[in-house]
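Notebook open, structure on screen.

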Amino acid sequence: TKSLSSNFIKNIVVEDLASGKVKEIVTRFPPEPNGYLHIGHAKSICLNFELADEFKGRTNLRFDDTNPVKEDVEYVESIKQDVAWLGFEWDGLFFASDYFGEMYDRAVLLIRKGLAYVDDQTPDQIRETRGTLTSPGQDSPHRNRSVDENLDLFARMKAGEFSDGEKVLRAKIDMASPNVNLRDPIIYRVLHAHHHNTGDAWCIYPMYTYAHPLEDAIEGVTHSICTLEFEDQRPFYDWVVRECEMPATPRQYEFARLNLTNTVMSKRKLKLLVDENVVDGWDDPRMPTISGLRRKGYTPDSIRAFCREIGVTRSFGIVDERMLEHFIREDLKLKALRTMAVVQPLKVVITNYPEGQTEWLDAENNSENPDMGHRQIPFSREIYIEQDDFMDNPPPKYFRLFPGNEVRLKHAYFIKCEEVVKDADGNVIELRCTYDPETKSGSGFTGRKVKGTIHWVDASNAVPAKFRLYEPLITEEAEEEGQSFLDHINPNSLQVLDGFVEPAMKEANGGDKFQFFRHGYFNVDPKDSTSDAPVFNRIVSLKSSFEV
Ligand code: ATP
Ligand code: MG
Ligand code: MG
């Protein structure tokens with residue numbers, strides 16, 4: 001299949017298993033718990049878990065929690081929920097912070113081997129003396145401290161004798177390396193901060209680039225898959241695994257991160273949207289977070305199908321957001337009940353229909369999937385139709401309702417517009433129509449044809465509902481000089497309309513998904529919806545010009 005060939009990492013795994021380089025593949029998904037997961041993370045989750053599943057390997061969920069200041073258990077819990085919701089089961093659940101003891105011991109080993117030293121320079125000084133691509137770095141005055149002095153200072157760093165930033169531990173590699181990442185990178189820093197997992201046990205914390213290869217090696221990860229920004233770190237990754245004398249040798253592979261049109265995809269920026277109250281939390285349906293997509297109405301299957309389709313490559317690209325929409329339409333097409341909702345209602349009185357009478361009409365639940373059966377919907381003298389389905393002065397080829405014209409009411413009868421009622425300002429507030437009992441849907445009536453079919457809801461039984469329609473949160477993708485992406489917030493990203501749904505919708509539960517004729521697919525909002533006042537989030541409209 002296409003997805004097989006477009007995943008170059010899968011090809012590597014196949015070769016490694018065939019050659020006996022690895023016996024079993026072990027991958028990991030290693031989020032930092034400093035925010036909620038987004039659709040970009042879903043790409044990495046699917047890649048890691050599906051690879052291991054396919055080749056009967058294992059995948060760990062590992063929290064890369066080496067930076068206590070930004071991390072929180074709320075994020076840990078949300079990440080677990082999101083990975084499980086996507087349909088994946090982790091083999092091991094680990095915290096990088098559980099390995100702090102071993103990481104410390106390995107750093108001591110580096111010191112003993114003359115491969116690490118304590119530096120008194122500030123992080124700024126270290127950055128400035130690291131040199132550039134074209135100039136070598138300068139040695140720190142502390143680079144040649146003795147092993148004993150380094151062991152002593154490092155132990156005192158751990159014991160809390162120094163304040164934040166006062167001392168760091170650096171790997172001793174090569175200040176003239178063409179790869180700047182190898183110019184004695186910092187591997188430990190002093191940070192007196194409370195950690196969500198280890199509490200106050202530590203006041204020194206390992207740097208991510210030192211910690212990550214150790215985490216992988218400790219867990220026996222074979223294929224450590226990360227995004228392309230880390231390509232330049234791979235030599236240091238291998239250095240750490242080798243010089244720390246780890247028994248296992250994980251290999252790092254890089255792939256291109258997912259970018260989506262019209263979509264902000266960075267936890268830092270997403271957190272800003274939450275903190276600035278631009279959105280209603282991390283799970284706001286406008287957010288590209290997994291929890292936002294879930295609340296909007298995306299299904300795990302649709303996200304996984306999307307991730308398979310985009311494949312795994314090393315080339316930069318921006319995926320059209322409409323491709324994600326394509327997959328939720330595909331998933332819901334045969335599953336979602338197709339029902340009628342009137343989003344911007346206009347009352348219609350059917351003047352020749354008996355007052356006080358209600359009849360129940362048969363309606364199929366999904367015209368493309370007969371297995372979904374039928375339901376009964378009420379019909380009576382007063383109904384609501386969509387304001388858009390009527391025009392007082394229609395242009396040519398307008399086939400919906402206008403004075404004197406006849407249309408079909410979906411699942412019901414033909415009606416003809418006889419009279420238009422307006423308010424003092426000339427706004428249309430009601431239509432008075434007649435119906436023809438002969439034309440009942442399903443009766444086999446062939447006497448005459450009409451060109452327009454419109455949807456409706458019986459007024460006396462209708463349930464008032466709110467409909468939330470979404471547009472992208474950010475209007476322009478490019479950030480201009482000196483501007484924040486917050487300057488490009490789309491003021492119309494959320495529109496809330498009041499309308500009506502069929503009475504059976506009272507029974508809908510949060511998370512249930514429906515197709516409303518012509519309006520698209522909607523999800524019952526799991527937080528705000530109640531049976532008396534349902535709230536529907538539009539997942540996606542019905543059609544798109546987009547082709548996969
Ligand atoms: P962000 O930059 O959005 O804050 P991050 O890379 O800092 O994300 P991590 O928690 O470090 O977030 O990510 C966990 C894993 O998810 C990493 O292996 C990372 O490479 C991967 N990942 C993050 N963003 C994307 C993306 N847009 N596409 C694919 N993989 C991603
Ligand atoms: Mg990050
Ligand atoms: Mg990261």
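Started with contacts (heavy atoms within 4.5 Å). Of the contacts in the protein chain between residues at least 6 apart in sequence, 71% join residues at least 24 apart.

Ground rules before going on. This is a predicted model, where local features need pLDDT of at least 70, side-chain atom pairs count only at pLDDT 80 or more, and totals for chains, interfaces and linings use all residues. Residues are numbered from 1 along each chain as its sequence is written, chains are lettered from A and ligands numbered from 1 in the order in which they are written, and side-chain values use heavy atoms, with hydrogens and water left out.

Overall shape next. Buried residues (under 20% relative accessible area, 1.4 Å probe, protein chains only) make up 52% of the 548.

Secondary structure: I find 13 helices and 25 strands in the protein chain. These are DSSP runs, H or I of at least four residues for helices and E of at least two for strands, numbered from the N terminus.

Then α8 against α9. Helix α8 (residues 208–218) packs on helix α9 (residues 234–243) at about 60 degrees, axes 9 Å apart. Axes are lines fitted to C-alpha atoms over the stretch in contact, and angles run from 0 to 180 degrees between N-to-C directions. Residues making the contact include Tyr210 and Leu214 of α8 and Phe236 and Val240 of α9.

What about α5 and α8? The axes of helix α5 (residues 100–112) and α8 come within 11 Å and cross at roughly 115 degrees, and the pair is therefore roughly perpendicular. On the α8 side, Tyr210 and Leu214 are among the contact residues, and α5 brings Met103 and Arg106, among others.

Last, aspartate 458, in strand β20 (residues 456–458). Buried or exposed? It counts as buried, because its relative accessibility is 1%. Leaving out residues up to four places away in sequence, aspartate 458 touches Pro378, Phe379, Ser380, Glu382 and Ile383. I also checked phenylalanine 500, 42 residues from aspartate 458 along the chain: their C-alpha atoms are separated by 9.0 Å.

Note on methods:
Buried means under 20% relative accessible area, exposed over 50%, partly exposed in between (1.4 Å probe, protein chains only). Angles under 35 degrees count as roughly parallel, over 145 as roughly antiparallel, 65 to 115 as roughly perpendicular and the rest as oblique.
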